[in-house]
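Reader: Hi, I'm new to this one. Could you put it up and walk me through it?

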Amino acid sequence: MKQEKIRMQKVCCVCHKVKVDNQWIKKPVNFEDSSHGYCPVCYGRTLAVIREMNNPRLDKQARVAM
Ligand SMILES: [Zn+2]
């Protein structure tokens with residue numbers, strides 16, 4: 001099977017890791033030639049943050065903290 005070479009690198013817009021062979025590694029990258037996304041770690045973290053923001057319990061906690 002012929003494998004097409006992908007020019008666009010996928011770069012995590014949070015930690016700036018680059019997807020290489022299904023792994024996310026840190027390496028220098030030209031952002032203009034890259035497509036931005038989330039690596040699994042930052043994606044999960046972002047989802048968790050959104051969930052926390054939508055969690056009314058945390059809202060109460062924040063008020064208590066103030
Ligand atoms: Zn990331």
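Author: Here is a short tour, starting with the overall layout and then moving to single residues. This is a predicted model, where local features need pLDDT of at least 70, side-chain atom pairs count only at pLDDT 80 or more, and totals for chains, interfaces and linings use all residues. Residues are numbered from 1 along each chain as its sequence is written.

Reader: What share of the residues is buried?

Author: Of the 66 residues in the chain, 5% are buried. A residue is buried if 20 or more other C-beta atoms lie within 10 Å of its own, exposed if 12 or fewer, and partly exposed in between, with C-beta atoms placed from the backbone.

Reader: Okay, strands. How do β2 and β3 pair?

Author: They're antiparallel, with 4 bridges between β2 and β3. Pairing here requires that DSSP finds at least two bridges between the strands. One of the partners is Gln23 in β3, which bridges to Val20.

Reader: What sits between those two strands?

Author: β2 and β3 form a hairpin with 2 residues between them, and Asp21 in the turn has a positive phi of about 50 degrees. Asn22 is also in the loop between β2 and β3 (23-26), and its phi is positive too, about 65 degrees, although Asn22 is not a glycine.

Reader: Is Asn22 buried or exposed?

Author: Asn22 is exposed, as it has 5 other C-beta atoms within 10 Å.

Reader: What about His16, where is that?

Author: His16 sits in the loop between β1 (9-12) and β2 (17-20). Its phi is positive, about 65 degrees, and His16 counts as partly exposed because it has 16 C-beta neighbours inside 10 Å.

Reader: Switching to Gln9, what is it in contact with?

Author: Gln9 is in strand β1. Beyond its neighbours within four places in sequence, Gln9 is in contact with Val18, Lys19, Val29, Asp33 and Ser34; contact means C-beta atoms, placed from the backbone, within 7 Å. The C-alpha atoms of Gln9 and Lys19 are 6.8 Å apart.

How values were computed
Contact = placed C-beta atoms within 7 Å.
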